[in-house]
Amino acid sequence: MSPRGYLGDLEEIVLLAVVRCEPEAYGMRIRQEIEDQSGRSVAIGAVYAVLERLEDKHYIRRVEPPQGTNRDPRARRFFGITPAGKAAVEETAALRDRLWSGLRLRRGGKTS
Amino acid sequence: MRRLARLILRGVLPGDVRETIVADLDAEFDRRGGSTGWYVRQVAGSIAPAFVMRTRRLARAAADAAQDARFGVRLLVRQKTFTIASVLTLALGIGATTCIFSLVDRVLLRPLPYAESSSRLLRIWSANPRGIPRGAIAPADFFDWREQSRSFESLAAYTDTDVTLTSAGEPVQLPATQATANLASTLGVSPMIGRWFTPAETVGEGQLVVVLGERLWRSRFGGVPTIEGRTIVIDGIPRGVVGVMPDAFAFPSRDARLWLPLPDKWRSQTRAARFLAAVGRLAPGVTLDAAAGDLRAIARRLESAFPDTNRGYGVTVASLTDAVVGDVRRPLLVLLAASLAMLLIACANVSGLMLARGAARTRELAIRAAVGASASRLLRQQFVEAMLIAVLGGAAAVLAAAWGIGALRASLTVDAPFLDRLSMDGRVLAAAATITVICAIVSGLFPAWRASRQPGSEALGGGSRTTSGQVRVRQAIVVTQIAVATALACGALLLARSLERLTSVPAGFAADRTLLADVSLPARRYKPDTRAAFFDRALDRLRTMPDVHAAGAGGPLPLSGQEGLLRFGVTQDRRTDPERAYVRWATPGYFAAMGIAQRAGRAFSAADRADSVPVAVIDEELARRLFGREDPVGRRIQLSMNRGVWREVVGVVGAVHQTSLDRPAEPHAYLPETQLASTALTFVVRGGGDPASVASVLRRAVADIDPELALSNVRTLADLAAGSTRPQRQNTLLLGVFATAAVLLTLIGVYGVIAQIVAQSARELGLRLALGANGRSIVALTVRRALVMALIGVAAGSLVAVLAAPALRSMLYGVGPRDPLTFAIVIAILLASAAVAAYVPARRILHLDVLATLRVE
């Protein structure tokens, strides 16, 4: 819980995955998205733990499920990014840019 | 495999996300076409995050609770009156309950401090054919039981006696116990120093040995470890100390200071002399009933073998615990119930206060709900506040109870063992903590739930008006309080009326301005003629004191509890069937000193000597039973303890109560001390001014005559008489205190609810007053509302009291458990005081500022 709002690794990945999945951003869908993009397997529990942390930090919030989804108590929880979440992603990306700028190591295009 | 994995996952996940995640995983599993390996890997990878989620929840709950507590504390500090009233009310209830619990725990719940298998310890009595089930046992009977019974691992006998100790300081008379060699092992207690008697030491007359109690050893012999083997002088005879028993032993009572061997040769005494008590330890696997059957079979054999002495005599068996605490169980449980009832009323009062406060806080709660506090969060916060109050109340209660327990220990003389070890220990503290938590739940949960449901838009707009539902709830609470208070007050008043009846029973003697002191003349040094000379000299000295109206010696005294059940058959000269009577000793002057009335004939005089005509004085009860309407004076009687000696009845005196005031006066026969020596007598001195100065004159007189004699048990006759009703006084006092507190708390509750009704309907009432309604009739209407509540409560409470009263029956004397007058008094008092409690706040209606109340909206 970085006071300045910088995101941890997995936090950033999950937060971006939420954005990519919206409005269908729920636990298993987000997990699948991360797996698809990174090629590495993530446990569903880990995704939920991070989602909770992000929710506590007010970077994401629960949103109404899309039309036609049933509402039993076991129902999926859908998430959407908040303005604070957007700011945090941008802040983190900007930090990376600042840190990378001028470094020779930098190979084109790999900023994520 | 997948099922096991799912089970594990369900186990580790926090409840609120469990179903969602498992359902999600299962759906994906189905979509993928079922790879178990993938499923298991998912579960394995989720275990650690699951614990992370759980930790988060814990931290969040703790932070919430801390916040609630901080908020609660701020609120309690701000609302001082509310806080103090609630805390004090709860402290009263919890404190009283804790005190009584400590008593119940000490006396009823803890095992006796004997062997770990104390459940197998039994107390055994001879059952008397005259309907006395718990009588003393003849030594020969006891030894026969012990030899023939197969149900006991060991069977021990003992008897109380008084001895004079002349070693290591002033002569002192001490309560002692003569016991068989197996008493200590039967109870499973080992000496702290040395040993108990061996069987060889009880053979014949018994060896000259003694076992000291820890208290005597410490007080008289400085607790020296070398006490074993030392010789001390008891009743003028040197005896060797063989051991010291720990204080916890204290058998058969707290009074026992030393133990002597019970001589085997007592077996040769007549079976008609019954004076032993017995305890036994059951053999493994034998039940109490089986052991009782075994002993009764032996008793039947003894009946046919010794019909003269044993006809009709059976055996009574009870667990030692029952025998020791049986009499106090009922009163203690009644007191516990009373304290719990008071606690309930206290909780109800706090509950009412919280409801009223909840009403005043409606707006605050609505705002909090509007900015996102969930109902459960609000409920929890309210509950934390209730808990805070209860904990403060509990803490105050522990302080109060520590004081109360000290006071109980100092003042209670309940006939129960181990009371002097009454203390605020871990168990009592744990009980206080438990009671506190229960109080928080009882007093806080309902108002909390009520308050958490309140928030709504109408509350936001509507100011701090209470809903009528809330008043209904408070009314229901007050009705319950009145019901409980009614039942409690009925019980307390029943006990008080019973005590009044009991203390107004004439005891048969005059208790005022009379001093008592026991003396015991060692049989080895005092023969009948020297005994008479001793009493003559001592009493003459006393009679020369200014203001002494009468002085005598005699005993055992009525209501003293000494030799309570030792009775003998008395026959008269023209009839053979005996009446049983207490046989008592008296010197000249005894009846006058005791204030026992002379009904006919004369009292004993100096002319009744050992060599003169044997005489007796009987009381009117024995006279009635033996002689009916005939004049007993000049007739002759014979006592079973003194067969072959016909005594002339020279006088008839008034009847006295021997065992207790609540039993009818029993028949007595008095013998002159000169003609039949007694082991111990009591000096009785009437008048003479200050008891302490009379006592010192008496002490000096005795010391002048025989420096080795000790006086003991110096007290007044009034103390003795009061002592016989002390348990009833204590029960009445404690129950009275509880009932008074309960009634007062209830009246506060009535006051509170009427005050709230008035405050709540101030606008409506103001409007009606403004429109010209009569203020007085509105006040009357409001008081009538309170009276309706009180009537319902009183009716319900009376019903409870009628149903529960039989539980009090054994504690009552001269008044029925459903005594209508008692109920009527309680009902009248409660209705009248409820009306007053309602009138005080209702009167405010008359002083309502009509315009101000209208302007509020």
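Which residues of strand E9 (residues 258–261) of chain B are buried on one side, and which on the other? Leu258(B) and Leu260(B) are buried on one side, and Trp259(B) and Pro261(B) on the other. A residue counts as buried if 20 or more other C-beta atoms lie within 10 Å of its own, as exposed if 12 or fewer do, and as partly exposed in between; C-beta atoms are placed from the backbone. In a regular strand the side chains alternate between the two faces of the sheet.

The model is predicted; local features need pLDDT of at least 70, side-chain atom pairs count only at pLDDT 80 or more, and totals for chains, interfaces and linings use all residues. Residues are numbered from 1 along each chain as its sequence is written, and chains are lettered from A and ligands numbered from 1 in the order in which they are written.

Helices (H or I, at least four residues) and strands (E, at least two) are DSSP runs, numbered from the N terminus. Strands pair if DSSP finds at least two bridges between them. E9(B) runs parallel to strand E4 (residues 172–179) of chain B, joined by four bridges. Ala176(B) has Leu258(B) as its bridge partner. E9(B) also pairs with strand E6 (residues 209–213) of chain B, in the antiparallel sense, over two bridges. Here Val211(B) is bridged to Trp259(B).

Chain A holds four helices and two strands. Their order along the sequence is α-α-α-β-β-α. Of its 112 residues, 32% count as buried.

The contact between the chains takes 14 residues from chain A and 19 residues from chain B. Two residues are in contact if their C-beta atoms, placed from the backbone, lie within 7 Å. On the side of chain B that touches chain A, helix H2 (15–32) and helix H3 (36–78) of chain B each supply at least two residues. H3(B) gives the most, with ten residues.

Two backbone features stand out in chain A. Most residues other than glycine have a negative phi, and most peptide bonds are trans. Glu22(A) and Pro23(A) are joined by a cis peptide bond, with omega about 0 degrees. Pro23(A) lies in the loop between helix H1 (9–21) and helix H2 (27–38) of chain A. His58(A), which is not a glycine, has a positive phi near 65 degrees. His58(A) sits in the loop between helix H3 (44–56) and strand E1 (60–63) of chain A. His58(A) is exposed because 12 other C-beta atoms lie within 10 Å.
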